[in-house]
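Dear colleague,

Please find below the sequence and structure that I am handing over to you. My notes on what was found follow directly after.

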Amino acid sequence: MATSPGSDIAFASQKSMPSENLRTKKLPLSEEEVFYMNCRAVYLTVFKSSLENIISKDQLYLALQHAGRNPSQKTIDKYWTPQTAKLNFDDFCVILRKEKPTSKAELLKSFKQLDVNDDGYILHTDLYKFLTKRGEKMTPEEVNTIINLPNINADGKFDYIKDWPGVQSRGCFFLEDDGETVSHQYRLHMAQRSTVHLTIKPLNLSQVEGKLSPWSSVDTALYILKENEDQVDPQLVCFTDLQHREGFGWTGELTPGLYRLLPSTSGCRLRKERTPEPEEAQLVCRDDAGDLFLTQAFKAALSDVFDVIDLDGNGFLSLEEYNFFELRTSGEKCGEEAWLLCREHFDTKKNELTRQGFMDLHLMEANDREGDPCDLWVMLRAMGYNRALELKEACPFVIDLHAERCKPRLKAVRMEASRGQLEKATCQSVLLQGEARAMDGYENVLVHTRSWDFRITSVIENKSDNKVIIHINNELSKNCVNNRGLNVFAVEVAPQSSMDNAPRVKRQSFLFVQVCQHVMPLNEHQEWMHHCVYSLISS
């Protein structure tokens, strides 16, 4: 009988309580007992019962793989000789002890086989059902011993990816006056071929436990492109198309080399607001002695700005991180000499600016202007704040990347609009994996649509020799929002046909293919239905 995720979580919590109470009355499990229990859990991911025998080399290889091993043919031949007819569970335990003691990390790795969504997580409830209802059942106490490992999220999931070498970087989407989006862009170096798990999600800066920042509903995505030796026309490798809690992710294999990571947001939820400007907040005040000080509201905003530009999240600002901030707010970089003066006058640690130093720097700017907040407002507006000190035209994000076999290196290399590259990557993704439909009566004009649970993207391909203008009508859609901000609009697509027969320059530039629209639910907690009518105005 199917149950909702909420019911599953409640069920798991109810089951774990009695066993935890029972365990407090018993002596702690010995190392030998834990080893045996872990071996049994692994064995039961392959066989229905620990009484079942291993009867072939293939079964032995599979069982060892599930135990986190990567056995060579030599290892298999060592335990499965020409005289071997079968191996039992005890033999399996002996092999695991000889090859390598089972660790918690290896046990978690073995449960990757149960990760049906391939998102790096296994629900407690899925694991509980698998081990207590399939074949030889484990007891609730045994399962909860496994569940109570360090690699467990508070939201009730195994996170077996955490043991892989990883790297994290922050960044931010900024809305320009013309509605275009600017963001950090990254270069990734992979030293060797490896399975990779990466996610991107809005960065939560809320100081209230359980409360998310207002921009947490903004959709975020990453396009990963492989760089060529000439660094021209990088090849699209993947796109984070798997919804992963409040963010999006991708799991797959990357070969050695350099990659570009292009963050993207559709524009459905991060967009210019058409509302009156609120009353201007006060940034600085004077005390009884006439000295300037920063208001609490401004200090809170500055603290959030600090967290956004602290790309590595270490609590300090390097010169490189600070220069991304300077380029965004003033268009200029801070040189080495200016940075040296900054370190002399403001609080730093290990040559990096502290949060207090960042606050004092802006207090100095206020004093230099004798309390005039104009320059401070220029900085705040560039960072996406409105007059009420609300972050409305920016969305901070965080990228997490883990690789199974090597330590990935990720670095922010620029902050700019990448509309052309993103448009091309989006078109490639939809053309390769979307559904194509020719417009009625116009076989050379195709609408490619790719649908996910969380978003729909459509691309128009013009194979004709003439420019076409397509009329789009979304008025019959329900609970939908699109990046155009209009239910009815038109899209112009240049001529010069398909990728198959166009010149190479045309093929690479995708002049004849254009993103039509991105559509998402207006309220993601309610049912939504997208209905779009395409009609050709002229050709």
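The expected span of a helix is 1.5 Å times one less than its number of residues; helices (H or I, at least four residues) and strands (E, at least two) are DSSP runs, numbered from the N terminus. This is a predicted model, in which local features need pLDDT of at least 70 and side-chain atom pairs count only at pLDDT 80 or more, while totals for chains, interfaces and linings use all residues. Residues are numbered from 1 along each chain as its sequence is written, and side-chain values use heavy atoms, without hydrogens and water.

The mean pLDDT (the predictor's confidence in each residue, from 0 to 100) is 84, and 80% of the residues reach 70 or more. Over residues 1-26, however, the pLDDT is below 50, and it stays under 50 over residues 497-509.

Helix α14 (residues 419-433) has 15 residues and reaches 21 Å from first to last C-alpha, close to the 21 Å expected. Its buried residues (under 20% relative accessible area, 1.4 Å probe, protein chains only) include L422, C427 and L431.

Helix α12 (residues 355-368) has 14 residues, which should span 20 Å, and its end C-alpha atoms are 20 Å apart, in agreement. G357, F358, M359, L361, H362 and A366 are buried in α12. After α12 comes E370, with a positive phi near 55°.

Strands β18 (residues 435-439) and β19 (residues 442-451) pair in the antiparallel sense over 5 bridges, pairing being called when DSSP finds at least two bridges between two strands. R437 has V447 in β19 as its bridge partner. In this hairpin, with 2 residues between the strands, G441 takes a positive phi near 85°.

With kind regards

Terms used. Buried < 20%, exposed > 50% of the residue type's maximum accessible area, 1.4 Å probe, protein only. Contact = heavy atoms within 4.5 Å.
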